[in-house]
Amino acid sequence: LGLALYASSLCAVSGAASLYHDYCIIGAGPSGLQAAYFLQQAGRDYVVFERSHAPGSFFALYPRHRKLISINKQYTSKSNSEFNLRHDWNSLLSHDRRLLFRRYSRDFFPHADAMVRYLEDFASLLKLHIQYNTAIIHVTIERDEQAWNGHYFLLTDQDKQNYKCSSLLVATGMWVPSVVNFPGSEYVEGYETVSINPEDFAGQTVLILGRGNSAFETAENILGVTNFIHMVSRSRVRLSWATHYVGDLRAINNGLLDTYQLKSLDGLLEGDLEDLAIVKDKKGKLHITLRFYLENRNTSAGIDSITLPQDELDNFATRAPYDRVIRCLGWKFDFSIYNRSLRIMPGKENEKKYPQIKPSYESRGTRGLFVLGTASHSVDFRKSAGGFIHGFRYTTRAVHRLLENRHHGVPWPSTVYPITQLTNSIIKRVNEASGLYQMFSVLADIILLRENATAFEYLEEYPVGVLAELEMQTGRKAPNGLFVVVMEYGRNFSGADKDVFYYNRAVGEAQHAWQSNFLHPVIYYYKRLPTEHEMRLRPPDWPLPRPDAIHHIVEDFLTDWTAPNAHILPLRRFLENCLSTDLRNFFAESCFLFAFTRQKLPPFCQQGYIRMQGLVGSKRLRRHAVEAGLLEDYTLTDFSGDRPPDIREGSQDQLLRDHVIPVRPLQHLVNAKDE
């Protein structure tokens, strides 16, 4: 009985020692800091756990050769801060103008130390709630019907301190090195520990396993001092300018492609790494062979007793021995700290290094657990920028907005405009918005139509993968149809085997806009919100189900979609056809005529002129309208004859072509008034 009482008292003390927060964030990297910023701005109870003594500890070591491949464009010729973020791939989102990355480095490809300084300042200047030197080593759940999600998350750190939270945001990134085990893999050096001093490789022959940016970064560092470098991977090289995926090989690191194709000894090979084997000879040289040659043999036996491929094929590509073999296979998510009760499972096939999550970035196995940052890249892997700062700063904001609506009843931010501003609103966003531009085909602007299409509600940067759940996830209603605005590349333009520099690769005419290849705006129109079933059955490579109508704004060399004839006019006519209305703007004189000659006024006249709203005219404005053929120049009209002027002639005929009431008697009044 005494032992039982003692044990129960220990449990009570342990339970009392659990520190509670509404939100727990694991990791103070870029995505963790971004999430903390939004929670702090909203006044929420949160804490960030960071195992290191400072934020962004990943960047203190990686990339090993210290040059980032995220661009830092200083000048764009624009002063619009939202537009400039399109070409700033390092800054996090905040209200503090001091926390723009261009203030920390002027290099187009910055040094990684600048990122470390930036993240430290972001955390300190914004006074984010970060608990350093706290490594979370175990996470489980505690069922409780009173909790937000039906359970609490219980976290334990290296000192056995327990924490309890209602919602868990995992921002640990991808930091566990990917390793392939094969006979002789103990002779392989890892990217995370290999020397970065080129002199250590002078006169050596090197084999690199992998074909990503870390592999080519390593090769670039030693290219000028080695005998030759061979690189082997199971897939062909993928160039970022061909795939339009920033995670593929970037031009800054592709020097080895030059030396390979220009026959300067270096080379690339394709093969399954799991089929390889490495044998070390008495001189310390490393020989590449195939696993099946070692089957049923003593691997500790001398190399002379082991069959090598060149024994049967004397021109075997890797017959020359190597001095060093370096593994550069990237990283994977750390699943080890999560209890099985959380059901965090690896993805399938190429996405097995990521945890399985929904398009809302919530775990498929546990409600209330969201994955942020690089580890959330399975949503748009090899498609968009969700695995990088310039992408996940926006997806993190989207997750915050989802949480605000779910737990605090704060609907997704929106703005209501009169329908006459629909064209202008879309044009403004596609020309400025950074979230749409960076997270193309993943985040979209949603335009919810009000009854009778007299107004609309504009929601920015909503995840298209959960469009069917829009009403539940945002707290906004969509009973009258909607437009979805996304950015897309051409369907068949991107791919490792594509020639993206072919002649006539760009489209310039508005009538061929649907054939645009480069990134351009696409507007989907739905008479009702798509269902979950329709989302699952959408065509391959389509971000959305088939709409009731679709419009492509033709690609533009300057990414400036403001041309009146090529961009704005086709868009306006598309919107008018969808809404069966007239979205043109009119002068007061035209609205005055319409009031007497039409059964229904255009929305611009209803919402402006009839309510005595609009811009005051001037002689200069009137003269411009007359010269453009939009107004009649009554000052030059001769009324000496008996016949009144016929307004159906000239430019007014086009403007009033749909008159339904005879206008001749009215014209006498108009002319008399003008005189």
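User: What makes Lys348, Lys358, Arg364 and Arg367 a positive surface patch?

Analyst: Lys and Arg count as positive, Asp and Glu as negative, while His and the chain ends are not counted. A patch takes residues with over 30% relative accessible area and no salt bridge, and joins like charges within 9 Å (nonpolar side chains, namely Val, Leu, Ile, Met, Phe, Trp and Tyr, within 5 Å). The place of a charge is NZ of Lys, CZ of Arg, CG of Asp or CD of Glu. Lys348, Lys358, Arg364 and Arg367 form such a patch. This is a predicted model, in which local features need pLDDT of at least 70 and side-chain atom pairs count only at pLDDT 80 or more, whereas totals for chains, interfaces and linings use all residues. Residues are numbered from 1 along each chain as its sequence is written, and side-chain values use heavy atoms, with hydrogens and water left out.

User: Why is Lys358 called partly exposed, and where does Lys358 lie?

Analyst: Buried means under 20% relative accessible area, exposed over 50%, and partly exposed in between (1.4 Å probe, protein chains only). Lys358 has 33% relative accessibility, so it counts as partly exposed. Lys358 lies in the loop between strand 15 (331-332) and strand 16 (369-371); strands are DSSP runs of E with at least two residues, helices are runs of H or I with at least four, and both are numbered from the N terminus.

User: Why is Thr289 described as buried, and which residues does Thr289 touch?

Analyst: Its relative accessibility is 0%, and therefore Thr289 counts as buried. Thr289 belongs to strand 13 (residues 286-290). With residues up to four places away in sequence not counted, Thr289 touches Asp275, Leu276, Ala277, Val279, Leu294, Thr307, Leu308 and Pro309; contact means heavy atoms within 4.5 Å.

User: How do you know that Leu92 is buried?

Analyst: Leu92 has 3% relative accessibility, so the residue counts as buried. Leu92 is found in the loop between helix 3 and helix 4 (112-125). Beyond its neighbours within four places in sequence, its contacts include Pro30, Leu33, Tyr118 and Ile389. The C-alpha atoms of Leu92 and Tyr37 are separated by 9.5 Å, although these residues are 55 residues apart along the chain.

User: What makes the pair Arg98 and Asp96 a salt bridge?

Analyst: A salt bridge is a side-chain nitrogen of Lys or Arg within 4 Å of a carboxyl oxygen of Asp or Glu. For Arg98 and Asp96 the N to O distance is 2.7 Å. Arg98 is partly exposed because its relative accessibility is 49%, whereas Asp96 is buried because its relative accessible area is 12%. By this rule the count comes to 23 salt bridges.

User: How do you know that Arg450 and Glu457 meet in a salt bridge?

Analyst: Their N to O distance is 3.9 Å, and the side chains of Arg450 and Glu457 meet in a salt bridge. At 37% relative accessibility Arg450 counts as partly exposed, and at 8% Glu457 counts as buried.

Note on methods:
Accessible areas come from the Shrake-Rupley method with a 1.4 Å probe; for residues, only the protein chains shown count as cover.
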